[in-house]
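Please keep the sequence and the 3D view at hand as you read.

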Amino acid sequence: MEFPTVRPRRLRRTPALRAMVAETSLEARQLVLPAFVREDATEPVPISSMPGVVQHTRSSLKAAAAEAAELGLGGIMLFGVPSAKDATGSGALDPGGILNVAIADVAAEVGDALTVMSDLCLDEFTSHGHCGVLDAEGRVDNDATLEVYAEMARAHAAAGVDMVGPSGMMDGQVRVIRSALDEAGAADVAILAYSAKYASAFYGPFREAVGSSLQGDRRTYQQDSGNAVEGVREALLDIEEGADLVMVKPALAYLDVIRRVRDAVDVPVVAYNISGEYSMVEAAAANGWIEREPAILETLLSIRRAGADVVLTYWAAEAARLLRR
Ligand code: PBG
């Protein structure tokens with residue numbers, strides 16, 4: 001019997017040894033909390049497919065933002081749920097529209113203590129639920145949509161946003177938004193481009209969260225799941241157009257894309273641990289099939305290990321609390 005002389009287990013013997021050689025860290029500052037704010041809500045409305053997540057009122061959103069700042073999170077990503085929608089998503093441009101007032105509320109609440117981010121997209125505001133405006137044949141019109149995005153970017157900047165997140169996957173959106181911001185005197189507003197965004201079944205619970213009216217799918221603008229090279233191409237294009245950070249979304253079914261993008265670019269890489277990824281863990285945990293807290297931390301660590309510098313996650317506040325223990 002020959003005993004091993006090389007023993008990796010030596011470095012696993014104690015918690016201190018394991019901590020010393022840990023390759024990947026998970027810290028509150030690397031986490032961003034996505035949050036929904038609903039125009040007609042008088043109290044927070046639970047989202048049944050996302051246990052523990054709510055559609056906030058303006059005031060409960062401010063409280064959540066203050067808590068996020070106190071926990072040391074990296075940022076908060078705001079999504080508006082308007083009470084009225086129309087074909088062009090005009091609620092997105094109205095300075096009194098829910099997302100714009102929520103940006104101003106949160107910016108006033110947290111100042112520079114937390115990065116205030118906004119989802120720059122039309123799907124929450126359009127009656128047909130698409131991320132852009134439609135042409136006469138009912139197709140999503142890329143260039144007409146860009147004009148609306150430019151105006152939306154100016155509205156978010158006027159409300160006091162730190163970073164906009166264009167998530168509609170229109171070609172050229174980053175360039176148009178960058179010049180709109182610059183021309184509006186908002187050169188400091190950063191762009192987090194949802195670059196490699198895949199048409200995913202895992203967005204299901206989000207559609208409930210924003211009361212989406214989408215019929216059909218987004219396959220003419222979001223990417224096919226099998227395409228990783230194309231994900232890298234989208235990220236490189238967005239950087240060329242002026243993106244300050246790039247995102248891969250969803251995260252868990254696309255860990256390889258996160259890694260490829262991380263290796264290909266020289267800006268921070270963000271990944272979105274999306275609604276369906278959240279709900280799967282919550283559902284399994286609620287059934288007693290998996291242990292909830294370790295599953296949450298392992299999920300987030302896996303996304304960091306794949307190469308994400310920053311992770312958007314509905315567990316952001318809770319994970320920050322777990323990491324303090
Ligand atoms: C589009 C947008 C979506 C998500 C974030 N921004 C939905 C979609 O593309 O259908 C999904 C986020 C999640 O599932 O958690 N505005």
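## Sorting residues into classes

Here, Ala, Val, Leu, Ile, Met, Phe, Trp, Tyr, Cys and Pro count as nonpolar, Asp, Glu, Lys and Arg as charged, and the others, Gly among them, as polar. Keep in mind that this is a predicted model.

## The largest pocket

The largest pocket holds about 300 Å³ of space. It has 18 lining residues, and Leu33, Gly52, Val53, Tyr314 and Ala317 are the closest to its centre. Strand E1 (31–38), strand E3 (54–56), helix H2 (58–70) and helix H11 (316–324) each give two or more residues to this lining.

Sorted by class, the lining of the largest pocket has twelve nonpolar, two polar and four charged residues.

## Around the ligand

Now find the ligand: the space it takes is the largest cavity. There are 17 residues around it, and Asp123, Arg207, Lys249, Ser275 and Tyr314 come nearest. This shell contains seven nonpolar, three polar and seven charged residues.

One in Arg207 lies 2.5 Å from an oxygen atom of the ligand. One in Asp119 is 2.9 Å from a ligand nitrogen atom, and an N or O atom in the side chain of Lys249 is 3.1 Å from a nitrogen atom of the ligand. The protein covers 100% of the 400 Å² of accessible area that the ligand has on its own.

## The second largest pocket

The second largest pocket has a volume of about 260 Å³. Its lining includes Pro8, Leu11, Arg12 and Leu301. By class, that lining has five nonpolar, one polar and four charged residues.

Conventions
Residues are numbered from 1 along each chain as its sequence is written. This is a predicted model: local features need pLDDT of at least 70, side-chain atom pairs count only at pLDDT 80 or more; totals for chains, interfaces and linings use all residues. Side-chain values use heavy atoms; hydrogens and water are left out. A residue is near a molecule or strand if one of its heavy atoms lies within 4 Å of it. A polar contact is a pair of N or O atoms within 3.5 Å; within protein, one must be able to donate a hydrogen and the other to accept it, and residues adjacent in sequence count only if both atoms are side-chain atoms. Accessible areas come from the Shrake-Rupley method with a 1.4 Å probe; for residues, only the protein chains shown count as cover. On a 1 Å grid over the protein atoms alone, a cavity is a set of points where a 1.4 Å probe fits but cannot get out, and a pocket is an open set with protein on both sides within 12 Å along at least five of seven lines; lining residues have an atom within 4 Å of a point. A molecule sits in a cavity or pocket if more than half of its atoms lie within 2 Å of its grid points. Grid points are joined across faces, edges and corners, and a volume is the space filled by probe spheres set on the points. Helices (H or I, at least four residues) and strands (E, at least two) are DSSP runs, numbered from the N terminus.
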